[in-house]
Amino acid sequence: MHGLEPQTIESLKLLIKGKTPFVVALNKIDCLYLYESNPQKDVYELLKSQKPRVQSEFKERVEKIVVEFAEQGINVTLSNSKNASDPDYVCMVPTSAKQGDGIGNLMAFIVNQTQTKYAEKLAYSEELDATVMEVKQIPGDVLVLTGTDGAIVTQVRELLMPKPLKEMRVKNDYVHYKEVKGARGVKVLAKNLEKVLAGLPVYITDREDEIDYLRQEADNQLANALHAIKKKPEGVYVQASTLGSLEALLDFLKSQKIPYSNVNIGPVHKKDVQKASAMKEHKPEYACILAFDVKIEREAQIFADHEGVKHLAIFPCKLRVLPNHVYNTRNPIVFGVSVEAGQVKRGTPICVPSKEGILLGTISSVQRNNEEVPLAKQGEECCIKIENTTGEAPRLYGRHFTHEDPLVSKITRESIDVCKTYFRDDLTKADWQLVVQLKKLLDIM
């Protein structure tokens, strides 16, 4: 109705410069005098059905627009004309954004062009081709947390919570929140959280001048927690992924009358092996690191090989609960099992793959005929006791898992490497085949 306005001409120049294909919407046809709308009808059929007065005004306005485009060096034509297929012409589609007339024609024209004329250009490519469109600062509170390599300062990006009556640890569709209040679990998305230690406080601030103070507080948290643990002059070295699992593991060692001389949280570094190797001079049997659910750095592994410090090995096993031999359902869990594959030993962490891989704890006892045995092999039945060493609430037989869920040893990439290095001959060919199965089951790379 207003022809080519300045902003339209600027847009045209950008399209021509970028060699971008486009179609022109001749909008506001509903403003033609005495025009009668019908969004369900083909727009050209609709225009033909209009009164002669309306058709005449439409023709005049189209001719005027054609001239204005020509002044910009662009040839245009209606999308139903004989010139529509000519590559030298840009097509126009009559529309009414207000009434919806011609919108179907416009969409159909675009779809037809993309499927025919531009099909090759729009074909999906495996290689990423993207452009940064916008960069903006996202507001959010600052988090200060304790990490394995010191304090971590980062910013909250997203707050997620499961839908009502859904479990936090189970895969669900999450709802995004701008703010969360009250006593509830929340997933926080932020950068650089890979090395955060679980079980220690998190500090939140929106003031720049508090960050340095909170950073020092976070650094002190780990040192204070480890310093509070009473250790023996001689004993094994214990390392876990969280403070809770470390404390649970230490309780387990106390019950087994195994002393510990040093403890730590996070990956096993070279300095940890150096501390553990000091036991070789006093009691060589204590020159070992009990590493629970943590990574062993390559440099630490090489140094341990040289110094003769061994890490805890986790032997593969697959167990089936005997439902008529369940003696205690919660911490400790005590029941009879059938060893379907591998070998089950004391100190083996047990998980339930069919229930999101939940960790039950560590086997503290293996018995046959009411007598303690060092291990049970494939085809045998035995009674096992599982102590909660996870640092979390104990799991309950009958609620979190049943006899229908197979149990397996919670092997890791590091424990597999330890078995290959030190216990290769202790595992049978069938045991190594089970390791391969468990790698796939537990998604171990």
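**Cores, domains and an open sheet**

In this predicted model, the largest nonpolar core comprises 42 residues, and those with the most contacts inside it are Val238, Leu246, Leu250, Tyr260, Val263 and Ile411. At least two residues of this core come from each of helix H5 (211-227), strand E10 (236-240), helix H6 (243-255), strand E11 (260-265), strand E12 (288-292), helix H9 (413-422) and helix H10 (429-441). H6 gives the most, with six residues. Because domain 3 (229-307) and domain 4 (317-442) both give residues to this core, it lies between them.

Leaving aside residues up to four places away in sequence, Ile411 touches Ile314, Pro316, Ile416, Val435, Leu438, Lys439, Leu442 and Ile444. A second, separate core has 22 residues, among them Ile9, Leu26, Ile65 and Leu78.

Turning to the overall layout, the protein chain is divided into domain 1 (6-121), domain 2 (131-220), domain 3 (229-307) and domain 4 (317-442). Between the C-alpha centres of domain 1 and domain 4 there is a distance of 71 Å.

An open sheet is formed by three strands in the order E5-E4-E9, with antiparallel pairing. Strand E5 (150-155) and strand E9 (203-205) are the edge strands, each pairing on one side only. On average, neighbouring strands of the sheet are turned by 25° against each other, direction ignored. Strand E4 (residues 142-147) and E5 run antiparallel and are joined by six bridges; Leu145 stands opposite Ile152 in E5. Helix H5 packs on this sheet, where it touches E4, E5 and E9, and the direction of H5 makes about 25° with that of E4.

How values were computed:
Residues are numbered from 1 along each chain as its sequence is written. This is a predicted model: local features need pLDDT of at least 70, side-chain atom pairs count only at pLDDT 80 or more; totals for chains, interfaces and linings use all residues. Side-chain values use heavy atoms; hydrogens and water are left out. A nonpolar core is a set of buried Ala, Val, Leu, Ile, Met, Phe, Trp, Tyr and Cys residues joined through side-chain atoms within 4.5 Å. Buried means under 20% relative accessible area, exposed over 50%, partly exposed in between (1.4 Å probe, protein chains only). Helices (H or I, at least four residues) and strands (E, at least two) are DSSP runs, numbered from the N terminus. Domain bounds come from an automatic or database domain assignment. Contact means heavy atoms within 4.5 Å. Two strands pair if DSSP finds at least two bridges between them. Axes are lines fitted to C-alpha atoms, for helices over the stretch in contact, and angles run from 0 to 180 degrees between N-to-C directions.
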